[in-house]
Amino acid sequence: MTKTILVTGSGGVGKTTVSAALGVEAARRGVRTLVVTVDPARRLADALGIADLGDEPQPHDQEPNLWAAMLDSAGSWRAVATRHADPEVALRLADNEFFKAASEHFPASQSYAAADQAATFVQAKAWDLVIVDTPPAAGGIDFFTAPSQMADLVGGRLLRWLTGGPLPGRRFFYDRAARPMLRVADTILGSDLLERISEFLLDLRTTYDGVASRGREIERVLSEASILVVTTADPAPLAEAVRFYRQLPAIASMPDAVVFNRSLPSEWANAQTEVGMTAIQGRLVDSWAAETLRQGDAREEFASRYGANIITVPWSPSSPVDLAGLRTLAGAAEGISWEQLLPSQDQS
Amino acid sequence: MLDKRLVLVSGKGGVGKSAVAAGVAILAQRHGLRVLAIEMETGHGLAAHLGMHELAFDPIEVRPGLHAMHMVRSEALLEYLSLQLRLPGMGRFGAVARAFDALATAAPAVREIVTIGKILWEVREDRWDLVVVDAPPTGQIASYLRAPTSISELVTTGRIRGQSEWMAETLADQSATALMMVSLAEELPVMETREALGWIADTEVVPKPTVIANRILFELPEGIESSGLVADMESLHRSLVSDQERWLAELSADLRLPKLFGLFTPAEVAAHMSDELEAML
């Protein structure tokens with residue numbers, strides 16, 4: 001069985017780097033691993049061997065057990081139409097100006113597309129481990145609720161809202177006199193727009209059965225996955241990580257661990273300015289000691305309040321640009337139980 | 001900055017835009033302005049930086065002269081509809097709002113016009129000297145700033161078309177509106193910022209943004225001659241600074257805000273941020 005690790009956390013904390021480092025280390029340990037990522041920095045994409053940005057998994061040319069792929073949420077949102085609608089309707093949808101707008105507007109649609117693609121890789125059973133670097137949209141929690149939100153969207157919630165009642169036929173929209181709210185919308189938006197949107201929503205609805213059943217599959221994959229929450233000790237990402245720990249148990253499962261990226265050596269916390277230091281040395285010591293102290297406090301509080309397993313990844317001076325750099329980073333991680341995190345070898 | 005009516009703060013997620021927005025709002029308040037700070041996203045980032053647990057759609061006074069609110073699109077829409085249409089009966093009213101919301105999900109720009117419209121409506125109010133917005137991140141802000149223009153392309157009749165014109169004018173007005181783009185001296189934020197500067201220059205939907213490089217490390221002189229732990233700190237610091245220099249060179253920032261060490265809460269960060277901004281402006 002393919003094991004899935006979902007790597008979540010707020011933007012800018014190094015989620016993609018952590019995902020890549022985990023993947024590289026897993027592959028080194030002989031686990032056939034696919035790292036699925038969104039929008040990596042150029043040098044990291046190079047390190048993973050996906051410089052040409054394909055959404056098809058590509059084998060790494062130096063690490064035989066490692067594959068990497070980019071998520072293309074725009075592309076797989078188009079696939080919703082081609083996969084779940086009649087060919088004729090699919091063509092009409094793909095051309096529709098509102099289809100594109102809805103994909104941009106409805107935050108769940110991008111998360112759905114990403115979750116769909118990730119689940120496809122998991123279900124392919126071609127890997128022992130699939131590591132998914134989740135998109136940061138809407139705080140990341142979105143990723144877990146996207147399948148049901150999406151089914152709700154195409155299933156006619158919008159249509160019901162428009163009509164205020166049971167699902168209508170196409171004729172309904174031309175009987176505007178009977179529907180005060182449609183007259184309101186007319187006044188504000190103009191009648192032509194309303195008609196075009198209605199046509200679109202009726203087309204979109206034909207994808208419902210497909211999207212709903214696929215959504216249940218995706219949810220099953222997500223519910224069986226291990227979750228890592230990546231953060232730094234900075235106040236804002238930390239608040240976000242706390243939110244994940246509060247909300248995820250109810251909608252998915254308890255995260256396996258919180259990863260404190262950019263951790264400083266704990267002995268720095270005790271460093272003090274000494275007689276004979278220059279002013280700039282004093283500033284250096286004060287600054288980094290204060291930072292280290294705060295990081296330690298943040299980890300302790302997190303562990304005690306949420307019973308969380310804490311993994312620390314050291315603050316590497318520059319982000320890893322190759323396989324060796326990612327390996328070093330993974331090797332320097334503390335508090336990580338590779339045996340628990342990685343699928344056991346005898347199953348592969 | 002403080003002589004504008006509207007300051008929008010954007011940037012890639014994680015660069016500290018909520019902290020900068022809170023810093024600007026607090027700075028303006030300290031200068032005696034009547035300020036409304038608006039949080040656009042669901043993450044409560046601005047709330048935390050203003051020392052609040054969360055904010056509501058109705059502005060609350062978080063310190064004397066500084067009000068803050070959280071944008072709720074359905075509430076903004078209800079408010080708009082009630083002003084525009086004076087519909088009786090809240091029951092039906094909710095249904096109208098939901099119907100409109102459904103339209104807004106599918107129609108480009110309709111959704112954004114509701115929120116950007118609410119912001120610009122507050123800008124027009126005499127109640128505030130300055131409206132500060134913790135705006136959506138760089139990747140999404142285009143659709144908000146372009147909404148008034150795109151709506152007039154999309155909607156050929158309808159009342160919203162006329163209203164979109166003054167909205168577009170206010171956003172583009174250099175004496176009224178400022179956009180602050182917050183970045184870090186790191187690859188992805190710098191690339192996103194440059195991309196945004198490009199389309200803003202092309203479309204001129206807002207005046208040329210002020211680019212802020214956030215969390216900039218202080219520079220170290222040569223020959224410090226450290227040993228032990230201090231040498232390790234110096235080594236990390238120097239390599240971070242050298243990476244930082246590389247990306248700063250690509251950013252052409254108007255302002256640099258220092259990395260703040262050892263702060264515990266978002267509110268502390270915001271307080272320091274307003275001091276730093278004060279010193280710079």
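Predicted model: local features only at pLDDT ≥ 70, side-chain atom pairs only at ≥ 80, totals over all residues.
Local features need pLDDT of at least 70 and side-chain atom pairs 80 or more, while totals for chains, interfaces and linings use all residues. Residues are numbered from 1 along each chain as written, chains are lettered from A and ligands numbered from 1 in written order, and side-chain values use heavy atoms, without hydrogens and water.

**Stop 1: the helix pair**

Select residues 110-124 of chain B, helix α5, and residues 159-172 of chain B, helix α7. Helices here are DSSP runs of H or I, at least four residues, and strands are E runs of at least two, numbered from the N terminus. The two axes come within 10 Å and cross at roughly 65°. Axes are lines fitted to C-alpha atoms, for helices over the stretch in contact; angles run from 0 to 180 degrees between N-to-C directions. The crossing of α5(B) and α7(B) is left-handed (the near helix is turned anticlockwise from the far one by less than a right angle).

Now show side chains. From α5(B), the contacting residues include Ile113(B), Leu120(B) and Trp121(B). From α7(B), they include Ile160(B), Trp166(B) and Met167(B). Contact means heavy atoms within 4.5 Å. By class, this contact has eight nonpolar, three polar and one charged residues (nonpolar: Ala, Val, Leu, Ile, Met, Phe, Trp, Tyr, Cys, Pro; charged: Asp, Glu, Lys, Arg; polar: the others, Gly among them).

**Stop 2: Glu204(B)**

Select Glu204(B), in the loop between α8 (187-203) and β7 (210-216) of chain B. Its phi is near 55°, positive in a residue other than glycine. Glu204(B) is exposed, at 59% relative accessibility (buried is under 20% relative accessible area, exposed over 50%, partly exposed in between; 1.4 Å probe, protein chains only).

**Stop 3: Arg215(B)**

Move to Arg215(B), in strand β7 of chain B. Phi is positive here too, about 55°, and Arg215(B) is not a glycine. Arg215(B) is partly exposed, with a relative accessible area of 29%.
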